[in-house]
Amino acid sequence: MTAHKRHRLVGGCAALGLVLAPLGSAQAYELLASPKGALNLDVTAVHGWMDSRKSYAGRDGGSTWREGYIKYGFSGHRTLGDRGELYAALDWVSSATWGDGDAGGNSLGSERRTSLEEAYLGWRSGDRFPFLGTNGLDLSAGRQVVQLGRGFIINDDGLNLGKGPAGGALNRGGAYYLAPRHAFARTAVARIGGEQGLHGTAAWLESDNRAQADTELLAGTLDYTGAAGTVGLTAVHGLDVNDRWANEFTRQRDGMNVYSLRGESDLGIENAAFAAEYARQYKRSGSESAWYAEASYTFAELAWTPTLTYRYTRYSADWDSLFTGQNSPQLGTWFQGEVAANYAGIFARNTGIQHLGLRLEPTERLSLGALFFDFTTLKRRDTRNLDARELDLYASWMATEHIAISPLLGFYKPDKSAAEGGSQVGGNGTNVYAQLVVAAFF
């Protein structure tokens, strides 16, 4: 591996982020390399087997299905001497769903699609502007994934519906859970100031995702990062939606304003991490709010270095989740609860969520974890009662340098069945959900 070898996280869903976590990133195959740059071949193949004893799609019985995708393409960079560096990527995704379709009715099992995913070009300044620091100016445009802050408001364009909703009109190619497509269709992004001191991002983003009503928006962040941690501001302004695909709820993104204040720090406590964010959303129907507070601690001296995490998240009754969540580095970050968030309808609206997580690292290649969630419906009038609890047990194993395996077992217990005003069909008993995700990357 040369000094110019580059790595890209070419994954899709949170599950893939989970199985790749021990390595930190997917490895690319280097086609060309020289002191002036490199050209890489990036290939990731992911397959998942899923089974849910219960359904949330209005049909009796459970669901058994499979999802898979291959993401393939090229990435590279070329240095321009003291004028900085160019970088680019071009790749495609082929995806499919088989079997019954997912337990939430978002896919039917007949989805197949190949489409362009990323196609962007960027330039970073290197040491051309010393007052901005190394790579203190980074400009990019095209089809790409854009995340602001920790992704609480804008994380990616990762909603991958199949043929289930709207008679198939919102179909993006299936593989709903694995979620292989994340790139915004059109972007222009400027990152200024690097990652330390005062720095920020300005972005224009436009989606071609019908489930997101082809939303177009402006967004920006202003952060300060120092030895004590990071404090930051985020602002988002909605520019337009496609009326053909918008409903009354998403139509309000046109003219919407969102502002948030966030922070991350260890507060001077070794092996601890704290994070919080508070956001206000202003739209034609009124103002909404969302916030979270999180604390974690790693017991570095104990066997398997356990990390314990607690987080409380609250989304007001008509909060619009915009582009939160799916390309998260850890399972259960913003899609909280594998059954709850993906299938049962408890996602970033009208809910308070208590989360307790435990992560163990028996070896460098094996991680084990348990995630508990307690969901409380906030506004109960004229809406479904989605009070529930969920426990997810998972493992992440790097079987080889190029193959990762992640099994998961989930237990979801709602207070109410669909017949009683909830979402689970066939009673409010405990649903047992199982999945196995295998990823290969080169």
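The conversation below goes from the chain as a whole to single residues.

Biologist: What kind of model is this, and how are residues numbered?

Modeller: This is a predicted model, in which local features need pLDDT of at least 70 and side-chain atom pairs count only at pLDDT 80 or more, while totals for chains, interfaces and linings use all residues. Residues are numbered from 1 along each chain as its sequence is written, and side-chain values use heavy atoms, with hydrogens and water left out.

Biologist: How many helices and strands does the chain have?

Modeller: The chain has two helices and 21 strands. The radius of gyration is 21 Å, close to the 22 Å from the globule rule for 442 residues, so the chain is as compact as a globular protein of that length. Helices (H or I, at least four residues) and strands (E, at least two) are DSSP runs, numbered from the N terminus. The radius is taken over C-alpha atoms, and the globule rule is 2.2 Å times the number of residues to the power 0.38.

Biologist: And what box do the C-alpha atoms fill?

Modeller: Along the principal axes, the box is roughly 65 × 50 × 50 Å.

Biologist: What share of the residues is buried?

Modeller: Of the 442 residues, 52% are buried. Buried means under 20% relative accessible area, exposed means over 50%, and partly exposed is in between (1.4 Å probe, protein chains only). The accessible surface of the chain is about 18,600 Å², and 57% of that belongs to carbon and sulfur atoms. These areas come from the Shrake-Rupley method with a 1.4 Å probe; for residues, only the protein chains shown count as cover.

Biologist: Which residues touch the most other members of the largest nonpolar core?

Modeller: That core has 60 residues, and those touching the most other members are I153, I154, L178, Y315, Y343, Y412 and Y433. A nonpolar core is a set of buried Ala, Val, Leu, Ile, Met, Phe, Trp, Tyr and Cys residues joined through side-chain atoms within 4.5 Å.

Biologist: Take Y412. Which residues does Y412 touch?

Modeller: Leaving out residues up to four places away in sequence, its contacts include Y56, V339, A340, R389, E390 and N431. Contact means heavy atoms within 4.5 Å. For the chain, 60% of the contacts with a separation of 6 or more are between residues 24 or more positions apart.

Biologist: Changing topic, which loop holds A175?

Modeller: A175 is in the loop between β8 and β9. A175 has a positive phi of about 50° although it is not a glycine, and at 0% relative accessibility it counts as buried. G158 also lies in the loop between β8 (137-143) and β9 (186-192), and G158 counts as buried at 3% relative accessibility.

Biologist: What is the phi of N271?

Modeller: Phi of N271 is near 70°, a positive value in a residue other than glycine. N271 lies in the loop between β13 (257-265) and β14 (272-283) and is partly exposed, with a relative accessibility of 34%.

Biologist: Is P35 buried or exposed?

Modeller: P35 is exposed, its relative accessible area being 68%. P35 lies in the loop between β3 (29-34) and β4 (37-52). The C-alpha atoms of P35 and R78 are separated by 8.9 Å, although these residues are 43 residues apart along the chain.

Biologist: Lastly, where is E85?

Modeller: E85 is in strand β6 (residues 85-99) and counts as buried, at 12% relative accessibility. E85 and G122 are 37 residues apart in sequence and 8.3 Å apart in space, C-alpha to C-alpha.
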